[in-house]
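Q: Please zoom in on one residue and walk me through its surroundings. I'd like the cut-offs spelled out along the way.

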Amino acid sequence: MSRLEAKKPSLCKSEPLTSERVRDTLSVLKGIVTSCYGPSGRLKQLHNGLGGCVSTTSHSSALLANLSVTHPILKILTTSVQNHVSCFSDCGLFTAVLCCNLIENVQRTGLIPTTVIKLNKHLLSLCTSYLKTEACGCRIPVDFSSTQILLCLVRSILTSKPACMLTRKEIDHISTLILTAFLLTIPEKAEDHIVLGKSIIVPLKGQRVIDSTVLPGILIEMSEVQLMKILPIKKSDSLKVALFCASLSGDFSDTGEGTVVIGYGISLENAVLDQLLNLGRQLVSDHVDLVMCQKVIHPSLKQFLSTHHIIAIDRVGVALMEPLRTVTGAQPIGSLGSISPSSYGSVKDLCTAKFGFKHFFHLIPNEKTVCSLLLCNRNDTAWDELKLTCETALHVLQLTIKEPLVLLGGGCTETHLAAYIRHKTFNEPESLPKDDGYTQTELQLITEAFCSALESIAGSLEHDGGEILTDMKYGHVWSVQADSPSVANWPDFLSRCGCGLCSSQEELNWSFVRSTQHRFAPQTCLPHGAVGSANNLTLDCFTAKLSGLQVAVETANLILDLSYVIEDKN
């Protein structure tokens, strides 16, 4: 008989954010995500005490997935960021850093949570409304007749992940490949509703990054022995394809709790093999040229198909089934019965290829909406980070097609927004909606806390003791080295702003971000025509950053509104 224990009462804690332990834990999380932020962010090694693989990363999705978080408040924060990243892939660290700083800043004001939450919502609305207007000085429309802005966007994503271990030349090469792979997924015949294809990342570890390439169609890795057995097919027209998701191994399927009755003298194995060979005869009579199976093909069926000059490829895996369906137009066949003619598809051509030490079967489609990005890197850790970053960049390009806008990167959007909000709140209070729920003093206190949280994002990009400045014309961010004098002729120490759009040769005035703020209405740096021709800009995804801003503020409001934390200790 098992020992019975009395049920323990739930643990109820009031005002959780007043706890020193909770504040310290939140500060630790803030330190972790802040130290990872930006191109010079510090890397984190992730491993567990039981051994296994060790990964080096500064990517939010890898970092938060491997962090063991126990306190409910931290779980709310990390789960919100992870949900954002699962939808948008980008701006995870931005969201986490902003949320942590906003909670920390508004707590110092001493205002009651209801007032803080109301004002945070108001300032968030001010931000989103400004970012969505054409008068916004920190967003750029994307012109799809040129690839310049898109290349800058991809390059910015790759540069922000130092664990990829890429040189400048390698970053340019991978950026071009990512953009090429993305463009190959866009159908040539554009309709009202465009369905994008797919880019498949194929691993090739231990090779030079510069050896990476993009090929239209699908690369299926095979052994050299398997490739030698495949006979070349010479046809002037396209090749007919049959795609099987059912196993063709001849194994008898699981009957569960049922019973199979077999007549006397009947061999089950021979019966299944006869069925497979009947299937092979139908494939021959239907003039099929290529058979691909998600699982295993029986050796006898393979031999039969080979005798009739039909190429058979098995073990392609579930991950390739959807891309294969898209490339060939075939419907996956799930049974060994008669095959409908409409289930067959076709490809333009097929060939073999060798990259590094790997051999591939290359399927070339009729329409190029699926491509293979053969991705190389020096070691497993760097390749894993590069793969994650390439997937992020491809997703960001998809988001940019839906909403063709980008934001200035390098911290310039955050400092520009902070300058805009300060100007509206302090210099144009009449333009703000009137509300009896707060005083002007409370609005100014929370505005300063909100703007400081935004500016802290720009400050988080500096990890080597340097100082962060902002100009009083455009509200962009500038970085100076740690040994620079506090009073100096700034154009001698500055070259370009964080996003690369503004030059220090203009007549600008600067101030330290941490000093007393001068309130001004930030201007647009350059006309849109000049922006489109600018090179080496640092840019952010508009859709992902706008969502990250909203998630950060809403999550901070949710945490600030918590009055009790109830934990079941049983």
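A: Let's start with Thr328, which is buried at a relative accessible area of 6% (buried means under 20%, exposed over 50%, and partly exposed in between, with a 1.4 Å probe and protein chains only). Keep in mind that this is a predicted model, where local features need pLDDT of at least 70 and side-chain atom pairs count only at pLDDT 80 or more, while totals for chains, interfaces and linings use all residues. Numbering runs from 1 along each chain as its sequence is written, and side-chain values use heavy atoms, with hydrogens and water left out.

Thr328 belongs to helix α11, residues 321–328; helices are DSSP runs of H or I with at least four residues, strands are E runs with at least two, and both are numbered from the N terminus. A polar atom of the Thr328 side chain sits 2.7 Å from the backbone oxygen of Leu324. Setting aside residues up to four places away in sequence, Thr328 touches Val241, Met292, Gly345, Ser346, Val347 and Leu363, with contact meaning heavy atoms within 4.5 Å.

For contrast in accessibility, take two loop residues. Met165, in the loop between α6 (148–159) and α7 (168–184), is partly exposed at 43% relative accessible area. His287 counts as exposed, at 61%, and sits in the loop between α9 (268–285) and β9 (290–293).

Methods:
A polar contact is a pair of N or O atoms within 3.5 Å; within protein, one must be able to donate a hydrogen and the other to accept it, and residues adjacent in sequence count only if both atoms are side-chain atoms.
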